Amino acid sequence: MMLHIPAVLSREQVAACRRLLDQAPWVDGLATSGKQAALCKQNLQLAEDSALARELGSIVLAALGRNALFVSAALPARILPPYFNRYEGGGQFGNHVDNAIRIDPTNGQRLRTDVSTTLFFCDPDEYDGGELVVEDSYGTHQVKLPAGDMIVYPSTSLHRVEPVTRGARVCSFFWTQSMVRDDWKRQMLFDLDLNIQNLRQQVGDNAETVALTSHYHNLLRLWAEL
Ligand code: NI
C-alpha cells in the first residue's frame, strides 16, 4: 500500500525546519548504505548522531504521533530516528531495496524495516527531477509532494530517487517496524478502520459500528506482534 499523507507538518513548522536545514553541515550519504546501495547512491545527509538531526527528528516524530492516518496505516511498533537528506547537482539514488534489518543507533536494538516513509521539506517547483519512484506489484509510482506532506510505502518495494537537475530536494526519511508485518494485512486493517470512522461520522454509534470496531480490534489482536 502506498499512502500520501498531507500536511504532516504545518507551513510554519516546515519554514522553521528549512531555516535549520539550509545552513546544516551536510555530509556524504554513503555513510549509511550497504555495499550494493552505495554503488548507486549520490546524495548528502545530516550526520545521524548530530544534535541537529536529533532536534529535527524529534519534531518529525512528534508530528507522526499526532497523525491518525500514519498511525492507522503503519501501525508502528518502533520507528528509527529520522534521516535527513539532500539531493542536488545531479544527485540521485538508483534502484535499490532497503536492508531488511537495521540497528537503532540510540539503543542498539534490531528493527525490521516494514514501512518506509519520505517527508518532503521542499515544494515541487523548487527543483527539477528528484521524483521518488516506487515499483510494486501494481506498477510504477512517481511521487513528488508539497513541503510538509509525506508518502508511506512498503519497505519491500524496489525504489529510486531520480537525478535532481535544478535546485535541491531536501527530505526526511525513516523506517518503521510495524506491529503487523504483512503489508496486505496492514492494508486490510487500514481500510476497515477508515470505513468504520466514516460510518461513525455518518450514522453515529450503533450496534453495527460497535460490532465492526470489535471485529477490527480482534483482527489486530490476532495479527499484532509487539
Ligand atoms: Ni531506499
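This is a predicted model: local features need pLDDT of at least 70, side-chain atom pairs count only at pLDDT 80 or more; totals for chains, interfaces and linings use all residues.
Local features need pLDDT of at least 70 and side-chain atom pairs count only at pLDDT 80 or more, while totals for chains, interfaces and linings use all residues. Residues are numbered from 1 along each chain as its sequence is written, and side-chain values use heavy atoms, with hydrogens and water left out.

Student: How many residues of strand E17 are buried?
Tutor: Strands are DSSP runs of at least two residues and helices (H or I) of at least four, numbered from the N terminus, and buried means under 20% relative accessible area, exposed over 50% and partly exposed in between, with a 1.4 Å probe and protein chains only. Ala168, Val170, Ser172, Phe174, Thr176 and Ser178 point one way from E17, Arg169, Cys171, Phe173, Trp175 and Gln177 point the other way, and all are buried. Strand E17 (residues 168-178) is therefore largely enclosed by the rest of the structure, the count of buried residues being eleven of the eleven.

Student: Which residue in E17 is the bridge partner of leucine 119?
Tutor: Two strands pair if DSSP finds at least two bridges between them. Strand E10 (residues 115-120) pairs with E17 in the antiparallel sense over six bridges, and strand E6 (residues 83-88) also pairs with E17 in the antiparallel sense over six bridges, with tyrosine 87 opposite arginine 169. In E17, the partner of leucine 119 is serine 172.

Student: Where in the chain does histidine 159, a donor of the nickel ion, lie?
Tutor: Donors are N, O and S atoms within 2.8 Å of the metal (3.2 Å for Na, K and Ca), and sites may look incomplete because water is not among the atoms. The protein donors of the nickel ion are His96 (NE2), Asp98 (OD) and His159 (NE2), lying 2.1 Å from it. Aspartate 98 is in the loop between strand E7 (92-96) and strand E8 (101-103), and 61 residues apart from it histidine 159 lies in strand E15 (residues 158-161).

Student: Is histidine 159 buried or exposed?
Tutor: Aspartate 98 has a relative accessible area of 12% and is buried. Histidine 159 has a relative accessibility of 3%, so it counts as buried.
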